[in-house]
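Have the structure open as you read.

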Amino acid sequence: MSKPAIAEKPKLSFWQIWNMSFGFLGIQFGFALQNGNASRILQKFGADVEHLSWFWLAAPITGMIVQPIIGHYSDRTWNRLGRRRPFFLTGAILSAIALFLMPNSAAIASIAPPILVGAGMLMIMDASFNVAMEPFRALVADNLPDSQRSIGFSVQTCLIGLGAIVGSCLPYIFTHWFHISSTAPEGQVEDNVKYSFYLGGTVLLLTILWTIIRTKEYSPEEYAKFHPTEEVEHKPKSGIAEILTDLKRMPKTMKQLGLVQFFSWFALFSMWVFTTPAIAAHIYHVAPGDTSSQKYSEAGDWVGILFGVYNGVSAIYALILPSLAKATSRKQAHAFSLVMGGIGLLSIFFIKDPQWLILPMIGIGLAWGSILAMPYAILSSSIPAKKMGVYMGIFNFFITFPQIVNGFFGGPIVKYFYNGQAIYALVLAGIFMLCAAISVLFVQDNKDISVKRALQ
């Protein structure tokens, strides 16, 4: 009996790929505001530096739970809006609401202490981001042939970088361009940060609506032409039990990438949590516990600019990555990028002038651009198409688990081993990034194997 013919997915134009991922610009707009300002907001509400990582645990724990579930159900959701788009829309609405509420946690103090409300908003915001974000990864694999997936994930990374540039710089822009106050009394969030979150929520909602309106998804019948040997599942079967079964059956490549992701995301979590207090104390010489001085606000605003720089570098680098991966390999391109990130993080310790901090951000930007693209490109070649959503969600375990480990132990390490000096958390992050670079060289990339077989 002959096998059914497999139709090749048509290649999409650059602008079709761009529209398909445009919502990621808004999601990263929100993520950038969270990453650059959540520690600052929580410290405003009374969090000590050594406790910051505990509050940040809300984000990875939520992501670990939400993403596999969203991936599982999006694999089986086909309705009038599509397969992935219903989740985009739900996540966009919830994310926008959370961005509006997060900097106003003090105004809800009648319900609970501001610090707890702020942590709760951080959890809700991250859960909403994950609902919107996870299906975007699967959508690239759904709509693009394997030959275009590196380009697809790189365009996503470019848009992530563009969104993060503006999102990271917004507090600085509101203060220095529009003369909005960057200081506030103890226990209150600065106006420049508040307005940044309001604009971020609006942009996130509008960009995801653009993707929903401008992007076509394949129907179940069209999907069957591209994957005739796979059964198209329209309804969820056994939910959590099936997710656990898929977890046990994960491909070898996915397990190997897990170690790379552990080192990478442990480093990133340290950077997001501790960069503001580290730079404030190590370079601006702000006294411990001081969160209301002009110097602390200057340090916080400059960190936003620095985060914008590394995201800008990642946006440009993402467009170069496919050519670099083609000239070498996806593994070698990723390893090089991670080495640059490790060097960048380590060099922060030796810098005394805030202006020179832009240089480490270049290396960090190379690493960030690759982290957002190459692991997914490698992974998408090793998993079955009908499981794309759930495996992309399960892959998030390898992003959230290192953040959870760091969240539990990062703060106590800073307090008891580093004597409260957060700069050493960035040094450890640099070491872990270099470990990620070494470990990626041992990953099995199915695309490389296919090429070798074709040449034999």
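Which residues in H14 are buried? Bear in mind that this is a predicted model. The buried ones are Pro360, Met361, Gly363, Ile364, Gly365, Leu366, Ala367, Trp368, Gly369, Ser370 and Ile371.

**Helix H14**

- That makes 11 of the 14 residues of H14 buried, so the helix is largely enclosed by the rest of the structure.

**Alanine 429**

- You'll find alanine 429 in helix H18, which covers residues 423–440.
- Alanine 429 counts as buried because its relative accessibility is 0%, and the cut-off for buried is under 20%.
- Leaving aside residues up to four places away in sequence, alanine 429 touches Ala267, Ser270 and Leu345.
- Alanine 429 and phenylalanine 269 sit 160 residues apart in sequence, yet their C-alpha atoms are 8.4 Å apart in space.

**Salt bridges**

- Side chains of opposite charge can pair when their charged atoms come close.
- With a cut-off of 4 Å between the side-chain nitrogen and the carboxyl oxygen, the count comes to 3 salt bridges.

*Aspartate 142 and arginine 84*

- In this salt bridge, the closest N and O atoms of aspartate 142 and arginine 84 are 2.6 Å apart.
- The pair links distant parts of the chain, 58 residues apart: aspartate 142 belongs to helix H6 (residues 114–143), while arginine 84 is in the loop between helix H4 (58–74) and helix H5 (85–101).
- Aspartate 142 and arginine 84 are both buried.

*Arginine 85 and glutamate 217*

- Here the side chains of arginine 85 and glutamate 217 meet in a salt bridge at 3.3 Å, N to O.
- Arginine 85 is in helix H5 and glutamate 217 is in the loop between helix H8 (191–214) and helix H9 (220–226), so to speak a link between distant parts of the chain, 132 residues apart.
- Arginine 85 is buried, at a relative accessible area of 14%, and glutamate 217 is buried as well, at 11%.

*Aspartate 445 and arginine 330*

- Aspartate 445 forms a salt bridge with arginine 330, and their closest N and O atoms are 2.8 Å apart.
- Aspartate 445 lies in the loop between H18 and helix H19 (446–455), and arginine 330 lies in helix H13 (residues 330–347), so the pair ties together parts that are 115 residues apart in sequence.
- Both aspartate 445 and arginine 330 are buried.

Conventions. Residues are numbered from 1 along each chain as its sequence is written. This is a predicted model: local features need pLDDT of at least 70, side-chain atom pairs count only at pLDDT 80 or more; totals for chains, interfaces and linings use all residues. Side-chain values use heavy atoms; hydrogens and water are left out. Helices (H or I, at least four residues) and strands (E, at least two) are DSSP runs, numbered from the N terminus. Buried means under 20% relative accessible area, exposed over 50%, partly exposed in between (1.4 Å probe, protein chains only). Contact means heavy atoms within 4.5 Å.
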